[in-house]
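Trainee: I have a structure open and would like to learn how to read it. Could you take me through some of its features?

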There are 2 protein chains.
Amino acid sequence: MRPLFNKAFMKTLLYIALLASGSAPLLAAEDDPLPSWNDTASRKAILAFVEKVSRDGSPDFVPVPERIAVFDNDGTLWAEQPTYFQIQFALDRVTALAPQHPEWKTTEPFNHLVAGNTKAFMAGGEKSLMAVIAATHAGMTTEEFSKTVNDWITTARHPKLGRLYTDLVYVPMLELLAYLRANGFKTFIVSGGGIEFMRPWTERVYGIPPEQVVGSSGKLKFEMRDGKPALLKLPEVDLIDDKEGKPVGIQLHIGRRPIAAFGNSDGDLQMLQWTTAGTGPRFGLIVRHTDARREWEYDRTSNIGKLDKALDEAKEKNWTVVSMKEDWKTVFRTP
Amino acid sequence: MRPLFNKAFMKTLLYIALLASGSAPLLAAEDDPLPSWNDTASRKAILAFVEKVSRDGSPDFVPVPERIAVFDNDGTLWAEQPTYFQIQFALDRVTALAPQHPEWKTTEPFNHLVAGNTKAFMAGGEKSLMAVIAATHAGMTTEEFSKTVNDWITTARHPKLGRLYTDLVYVPMLELLAYLRANGFKTFIVSGGGIEFMRPWTERVYGIPPEQVVGSSGKLKFEMRDGKPALLKLPEVDLIDDKEGKPVGIQLHIGRRPIAAFGNSDGDLQMLQWTTAGTGPRFGLIVRHTDARREWEYDRTSNIGKLDKALDEAKEKNWTVVSMKEDWKTVFRTP
């Protein structure tokens, strides 16, 4: 007699259910969900946390709507050396816009950039950077800005590695994002970078839709342009989503406390504190840049992505510290 | 011979797929998804729009991630008379807090409220209201405020109708929210009300999670309290999510333009303009308060929920205008 439920048929049934759910938790559990991770303590800690919050009947079970995970972007999901990629975008914009701004030739700090004197420009520090960001990120509509970002991100190349910036995302972190989502997590970016700089490409690159991107934001102004509504980007800053600003951004945009946070620098310290201080199971993770050969090596004294206080607190609070060199089989996708 | 796929078994299979997908589009299409709506032009317009954007192969098909629908709250999802319920909350807080604030007896505008002279208080207009909101909504942590809102919303009763405020949500709009979600829409609230005032109960009442609530917001401050991180609510306003502020709030929190907007007053005009000015299929809807018997009747000259310019523009832009009296079988849930 032919059994009513043969193996092939059960497989079909399972596939229908998986297709309908839009995710593949069962397959993820069967196959290795984190193939680019070595079988070290970091990987084990991730798997154990996800298992205990998502398994029915687990004493640490967390209902799906509460499974909120937040990820820093620069240095956590993609590289950030020799400088944040958004700074490179702003500098490239100055070059592109210079012909329309003859006054920049004699205006600090633009004159240094127009003359190609990066060193003199960098001596101006954060103030110079803010001036460049204000001049290149404001005065246009959100849709114009989005198009500018898209044009840049699909063509510009990293000055040292010669690859598209979106090729410099970390494969193990992409796997981690997918693994969390397959287990009912909603994944958010919480970055010091500009919210409008990230949104045009995060869905395509990370699978994170614009409404799940939290970042630094500027004021916007609604106005009618030729009878059509537009949102104009103003040069005033609204929120700096970094350090103490990260829990503020989380509350403003998400409205509940995450149960897992992933960062790489002291800029993520308060986000890690806020996330892991909640009741119930919590997970904090820091990506440590230990791989001078495949990526970069830096921590306590770096200008970009300084990791000092958060590294000390990780030990105290039992956060997982990932060593790129030891824990990751792969860093970037093979070109 | 027993057929391999009998009807009961196919039904079970369908159920598994539906459970896995977390929604029931097929069932919704079979049964009436909007049972509290009369079969009028408004209902037909809603059904036609949802069908054309969600049916595979439709020339107006919109991919699921782009199916963003935004709803005003006061007067659109729940009632707003004789005044916005959040104002009632603030006034109730003054009464509750008065014993700890003896200085209010002699401080404008609190003195009027302490003396029970609502008329004198109301004469102070928006300035008085803002003072009361600042005094009752700030100076505590987000978690303390959330608890205060929860305590109030589960016990306080409407001064005229004697019902819980959450009983004064519109049943036809709850059906509409569920119908949109069953067809792949993500539903957001975009309200002039306080974001932190709504989030504690919108998931339970509307099925809208905190991260999909956009509202007016105040500044927050991250600080350590007895070694534990906390977010303190400051009295400074950050965004007034009303009129021109609504498209700004949409861009800040959602980051893409909705394809459908639902409002009831001139406060929603710019949200409707912004939503319906996008390319591709768009839907604008205004709930008009025409039912003095079952709810309230007001429009062009009302202090609360004034509907004047948006009503004129609805005609010009072909937005659907719902008449509560004609289009709704039911307004509130039967007590």
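Trainee: Let me start with a helix: which residues of H12(A) are buried?

Mentor: Before we look, please note that this is a predicted model. Now to burial: a residue counts as buried when its relative accessible area is under 20%. In H12(A), the buried residues are A:Leu269, A:Gln270, A:Met271, A:Leu272, A:Gln273, A:Trp274, A:Thr275 and A:Thr276. That is 8 of the 8 residues of helix H12 of chain A, so the helix is largely enclosed by the rest of the structure.

Trainee: And how many residues of helix H12 of chain B are buried?

Mentor: Again 8 of the 8 residues, 269-276, are buried, so helix H12 of chain B is largely enclosed by the rest of the structure too. Among them are B:Trp274 and B:Met271.

Trainee: Now the two chains. What rotation superposes chain B on chain A?

Mentor: The general idea is that two copies of a chain are related by a rotation about an axis and a shift along it. Here the rotation is 180°, the shift along the axis is 0.0 Å, and the RMSD is 0.0 Å. The two copies are therefore related as by a two-fold rotation axis. The same surface serves both copies, since 100% of the contact residues of chain B recur in chain A.

Trainee: How do I read the interface, and what area is buried between chain B and chain A?

Mentor: The size of an interface is often given as the accessible area lost when the parts come together. For chain B and chain A this comes to about 4,000 Å², with carbon and sulfur atoms giving 62% of it. B:Glu211, B:Phe222 and B:Leu252 supply 17% of the area that chain B buries against chain A, more than any other three residues. On each side you can look for contacts: 47 residues of chain B are in contact with 47 residues of chain A.

Trainee: Which residue forms a salt bridge with A:Lys246?

Mentor: The partner is A:Asp72, with the closest N and O atoms 2.9 Å apart. This pair links distant parts of the chain: A:Lys246 is in helix H11, A:Asp72 is in the loop between strand S1 and H4, and 174 residues separate them. Are the two buried or exposed? Both A:Lys246 and A:Asp72 are buried.

Trainee: Where does A:Ile240 lie?

Mentor: Look in the loop between strand S4 and helix H11 of chain A. A:Ile240 is partly exposed, with a relative accessible area of 45%. Together with A:Met130 and A:Val237, A:Ile240 forms a nonpolar patch on the surface, with about 250 Å² of accessible area together.

Trainee: One more: what is the distance between A:Pro102 and A:Thr118?

Mentor: They are 16 residues apart in sequence and 19 Å apart in space, C-alpha to C-alpha. A:Pro102 sits in the loop between helix H4 and H5 of chain A and is exposed, with a relative accessible area of 56%.

Note on methods:
Residues numbered from 1 in each chain as written. Chains lettered and ligands numbered in written order. Predicted model: local features only at pLDDT ≥ 70, side-chain atom pairs only at ≥ 80, totals over all residues. Heavy atoms only, no water. Buried < 20%, exposed > 50% of the residue type's maximum accessible area, 1.4 Å probe, protein only. Helix = DSSP H or I, 4+ residues; strand = E, 2+ residues; numbered from the N terminus. Least-squares fit on C-alpha atoms with pLDDT ≥ 70 in both. Contact = heavy atoms within 4.5 Å. Patch = residues over 30% accessible without salt bridge, like charges linked within 9 Å, V, L, I, M, F, W, Y side chains within 5 Å. Areas by Shrake-Rupley, 256 points an atom, 1.4 Å probe, with all protein chains shown as cover. Salt bridge = Lys/Arg side-chain N within 4 Å of Asp/Glu carboxyl O. Buried area = accessible area lost by both parts, 1.4 Å probe.
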